[in-house]
Amino acid sequence: MPVESGSNAAARQAKQKRKSHSLSIRRTNSTEQERSGLQRDMLEGQDSKLPLSLRSNLLDLFSQIEREFENLYIENLELRREIETLNDRLTVDGQNFEGADLAKGALKTKASHSTSQLSQKLKTTYKASTSKIVSSFKATTSRAVCQLVKEYVGHRDGIWDLSVTRTQPVVLGTASADHTAMLWSIETGKCLLKYLGHQGSVNSIKFHPTEQMALTASGDQTAHIWRYMVQLPTPQPVADISQIPCEDDVDFSDKDEADGEVDGPNDCPSVRVATTTLRSHQGVVIAADWLVGGKQVVTASWDRAANLYDVETSELVHSLTGHDQELTHCCTHPTQRLVVTSSRDTTFRLWDFRDPSIHSVNVFQGHTDTVTSAVFTVGDNVVSGSDDRTVKVWDLKNMRSPIATIRTDSAVNRISVSVNQKIIALPHDNRQVRLFDMSGVRLARLPRSNRQGHRRMVCCSAWCEDNNSCNLFTCGFDRQAIGWNINIPALLQEK
């Protein structure tokens, strides 16, 4: 009778093991399919107002979550076994070294130390994995409520920037790639005035702190200062829009709606001539802002320089050079003579003009891609956003490292910070707008679906503290600006 060799026996055992494993997989898959079919039959028999397709999608999502939890549970079991094995080894090592001579004392200490380090590392990993499950079940006691109040439609191209006046009457200003800037009634959504003085895309708009003057930056390599006079129309009754929790936005379709040709407001008065034209840049002027007091302005350009001008004489006071690539944004401090410029060279620079005799500059390298914007807060903070999908909060008194880092899933555009609530609004390339507090805790996400919200990249956000109906505005390349009412409960902000 032939005797089977050891190698052949091992091969046969391995084959049987693979076969039994494949059978178990098929059995598991068939069981899951039967369970899924049974659950769907149960769903069809239950009374619910949700469409069957939506309920089916929810069931699939819950099944995926169940599988993830199952994987985590298996990992936890394996980690527990490893911890028990290490504990057994520690016990055995202690018995072996017990009674040994003193010459081996150092070896015993070293072995025990290394083993305990490994055990501690496994325990830490185990706690981290279990915390994933625990944190998933933490309930939020209060919800942020975001309400879409008004849409401002009339531009013929994407809107790059928007701003709210600091004086009465409070109006919204938008800067568009269609070569125009518009002023809007916040309450009615009606265009009050259109500025037609630029020959290129209008990339930025900012309002004078005390007078009815606007500052616009353009692709025609100039910045314009122009005066405006508007009369607010009588507010119309606002339709009752149901309040939507910010996190409960269900995007039923990712298909973009067709962009129809939007006719600009025909009855909107216009201004065609600037009061002051600021020239000296050799490239696109991408942003501009007023220094505190409104007697000077700063402009940022693709010629890698920022210029400081005197408003009354329109003369160039300083040329701020040093960036290695095109500038993307500039911002001034609300109460001090400080300017921050951001650039495609992955840095932002802080310029100090508080001493009239000399100005200092500090360079900050906190990002790995284009810094799209950096803004001051009322306190002593700077918040910077970047194409590297991060937002960082810095302390002006110690700028060596950020005090908070926010990591997102999409490039961040021109951010803004609420003065009263200190909430950061993050407009993204992926059409989303998210809200965070200054410590980096996420508070909300504005609702977006195929029926409301932006349908293209969101370019900019701006807060308005003096309006009861709308306190946040966003604009994007879908040619519209949107006014939101954001209500963040105090309990949620403290989390």
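I began with the accessible surface of the protein, which comes to about 26800 Å², with 50% of it belonging to carbon and sulfur atoms. I note that the model is predicted. Of the 495 residues, 45% count as buried.

I then looked up secondary structure and found four helices and 30 strands. For contacts between residues at least 6 apart in sequence, I got 54% joining residues at least 24 apart.

Next I listed the nonpolar cores. The largest has 25 residues, and those with the most contacts inside it are Phe348, Val383, Ile424 and Leu426. I checked which elements give two or more residues to this core: strands E17 (338–343), E18 (348–352), E20 (371–376), E21 (381–386), E22 (390–395), E23 (404–407) and E25. The largest share, four residues, comes from E20. Apart from this core I found another, of 19 residues, among them Tyr152, Cys470, Phe473 and Cys475.

Strand E25 covers residues 423–427 and is joined by five bridges to strand E26 (residues 433–437), the two running antiparallel. Ile424 stands opposite Phe436 in E26. Both strands belong to an open sheet of four, in the order E24-E25-E26-E27, with antiparallel pairing. I marked E24 (416–417) and E27 (442–445) as the edge strands, since each pairs on one side only.

Last, I looked up the neighbours of Leu426. Leaving out residues up to four places away in sequence, Leu426 touches Val391, Ile406, Thr408, Val412, Ile415, Gln432, Val433, Arg434 and Phe436. I also see Phe436 as the residue opposite Ile424.

Note on methods:
Residues are numbered from 1 along each chain as its sequence is written. This is a predicted model: local features need pLDDT of at least 70, side-chain atom pairs count only at pLDDT 80 or more; totals for chains, interfaces and linings use all residues. Side-chain values use heavy atoms; hydrogens and water are left out. Two strands pair if DSSP finds at least two bridges between them. Buried means under 20% relative accessible area, exposed over 50%, partly exposed in between (1.4 Å probe, protein chains only). Contact means heavy atoms within 4.5 Å. Accessible areas come from the Shrake-Rupley method with a 1.4 Å probe; for residues, only the protein chains shown count as cover. A nonpolar core is a set of buried Ala, Val, Leu, Ile, Met, Phe, Trp, Tyr and Cys residues joined through side-chain atoms within 4.5 Å.
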